[in-house]
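Here's a quick briefing to read alongside the model. Have the sequence and the 3D view open as you go.

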Amino acid sequence: MSWGTELWDQFDNLEKHTQWGIDILEKYIKFVKERTEIELSYAKQLRNLSKKYQPKKNSKEEEEYKYTSCKAFLSTLNEMNDYAGQHEVISENMTAQIMVDLARYVQELKQERKSNFHDGRKAQQHIETCWKQLEASKRRFERDCKEADRAQQYFEKMDADINVTKADVEKARQQAQLRHQMAEDSKADYSSILQKFNQEQHEYYHSHIPNIFQKIQEMEERRILRLGESMKMYAEVDRQVIPIIGKCLDGIVKAAESIDQKNDSQLVIEAFKSGFEPPGDIDFEDYSQPMQRAVSDHSLSSSRGDGKPEPKFGGRSKGKLWPFIKKNKLSLKLGATPEDFSNLPPEQRRKKLQQKVDELNKEMQKEVDQRDAITKMKDVYLRNPQMGDPASLDHKLAEVSHNIEKLRLETQKFEAWLAEVEGRLPARGDQARRQSGLYDGQSAPAVNNCAQDRESSPDGSYTEEQSQESEVKVLAPDFDDEFDDEEPLPAIGTCKALYTFEGQNEGTISVAEGETLYVIEEDKGDGWTRIRRSEEEEGYVPTSYVEVYLDKNAKGAKTYI
């Protein structure tokens, strides 16, 4: 099967067919180019998607990624980023191994095709020239033969005419002989040219054209084979990244399997646990007897008589239960958090203090490493003075040592607060409590009741429950004896306000900077101190906002009646 023998007369169709083959290659190159653009666009969109959902640094979102489900989602985002990278690899490999290679091959193919068809046209022009020469010699031979026949007829006519002179007859005879000789020459020339044309034509159809068409056939077959190889490479480029894409997908599955719902539940406990105990049972309050309402030691409400009892029988109690009422939440709106985090519940305060201690230790370790490095460099300078002046490092070494000492003192301060919270060290007012132990014993029921009133709500904030209506106030002298035991808490010392505090929440009291007030209950470890301005004004303020002076002889403390 050869185009040279089978398609010897289809030069123009072969020229059109080979041009169509080149167009197919260019179309395939365009297809691959658009595929690479799609892969790049897809990879870019995947990367943008992954970046969009990445947690922002130093934000609340970053803290949420301590949960295993959020960590799994973060792993998914990272795997998707790698997944996008594989699509970029597909685009790069298709561009380098298919597009660039095929584009160069198309240019070579065009040059080869042009050369082959140029040779074919040259052979065509040569055979056409030979054909024209043959036609010309043939027409000349035909013309000379006719002229020779006419000259012979004229000679015979003149020779038969008795009236024609002998000279005219001789002239006609010579003319006939000349024309006959010319016809013979034309015949010989025509025969030679015909023989030569037949030879050229034989070579054209059996040698030149077959060879040229064979080259064109081989060129076309190489083009077809190259297109097939490119298609294989197209699939192979995809197949090469499948293992890595599989690993990305396996990573997503592994991240999903690493989710631990129990661990996440424990993290929620650690994040929001207040450290307080739940309130005890509320005692039964008997309203069936015309007597003052007795308040249980375990009640959540706080009875605060103002010394002006008035009758209120059968009144509806407005005592609130903090687990269900959110409007009593005591959230400080100070604009700045106390340094010792005393505004937080014990458990949350412990976590914040521990975190601060860890940060300070890391900073101190960096400074220690820097000091060691400077010390080593100074030793090198001492041994090799030509490398530098040892005295030039003294200032830097002193600065680093000062920073270390500063960080050490800061760490000790926070460790002391942390130890206080964890119960490893005596509380701040322990010595003062020992000095006023008598009054601690006398006011124990009231203190316990107040501590119970200030239990933490489930969301980690403090609450202060007051129920003025829970008090039964009567004017009748028959009930005076029942109110003798509900005297206000005794003052166990004084305090001076270091800062202004706006008590906007229930249970707090506003104080002005420099104001002196009475202390009726110490800080129990929750960061709050109970103070009194007058017999009708008392409440809680942050311990860090006041300077407390406890009476050494609390037994003689002044009380309000």
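Is arginine 173 buried, partly exposed or exposed, going by its relative accessible area? Arginine 173 is partly exposed, at 26%; that label covers values between buried (under 20% relative accessible area) and exposed (over 50%), worked out with a 1.4 Å probe and protein chains only. Keep in mind that this is a predicted model, where local features need pLDDT of at least 70, side-chain atom pairs count only at pLDDT 80 or more, and totals for chains, interfaces and linings use all residues. Residues are numbered from 1 along each chain as its sequence is written, and side-chain values use heavy atoms, with hydrogens and water left out.

**The overall picture**

- The protein has eleven helices and seven strands, taken as DSSP runs (helices: H or I, at least four residues; strands: E, at least two) and numbered from the N terminus.
- Of the 561 residues in the protein, 35% are buried.
- Its accessible surface comes to about 34600 Å², and carbon and sulfur atoms hold 52% of that; the areas come from the Shrake-Rupley method with a 1.4 Å probe, and for residues only the protein chains shown count as cover.
- Take the contacts (heavy atoms within 4.5 Å) between residues at least 6 apart in sequence: 76% of them join residues at least 24 apart.

**Salt bridges within helices**

- Side chains of opposite charge can pair when their charged atoms come close.
- The protein has 25 salt bridges, each being a side-chain nitrogen of Lys or Arg within 4 Å of a carboxyl oxygen of Asp or Glu.
- Arginine 173 pairs with glutamate 170 in one of these, with 1.9 Å between the closest N and O atoms.
- Both sit in helix α5 (residues 166-257), and because they are three residues apart there, about one helical turn separates them.
- Glutamate 170 is partly exposed as well, at 31% relative accessibility.
- Over in helix α4 (residues 68-160), arginine 104 and aspartate 101 are also three residues apart, so about one helical turn lies between them.
- That pair forms a salt bridge too, its closest N and O atoms 2.9 Å apart.
- Arginine 104 is partly exposed with a relative accessible area of 45%, and aspartate 101 is partly exposed with 23%.

**Later in the sequence**

- Arginine 533 and glutamate 537 meet through their side chains in a salt bridge, at 3.2 Å from N to O.
- Arginine 533 counts as partly exposed at 26% relative accessibility, and so does glutamate 537 at 39%.
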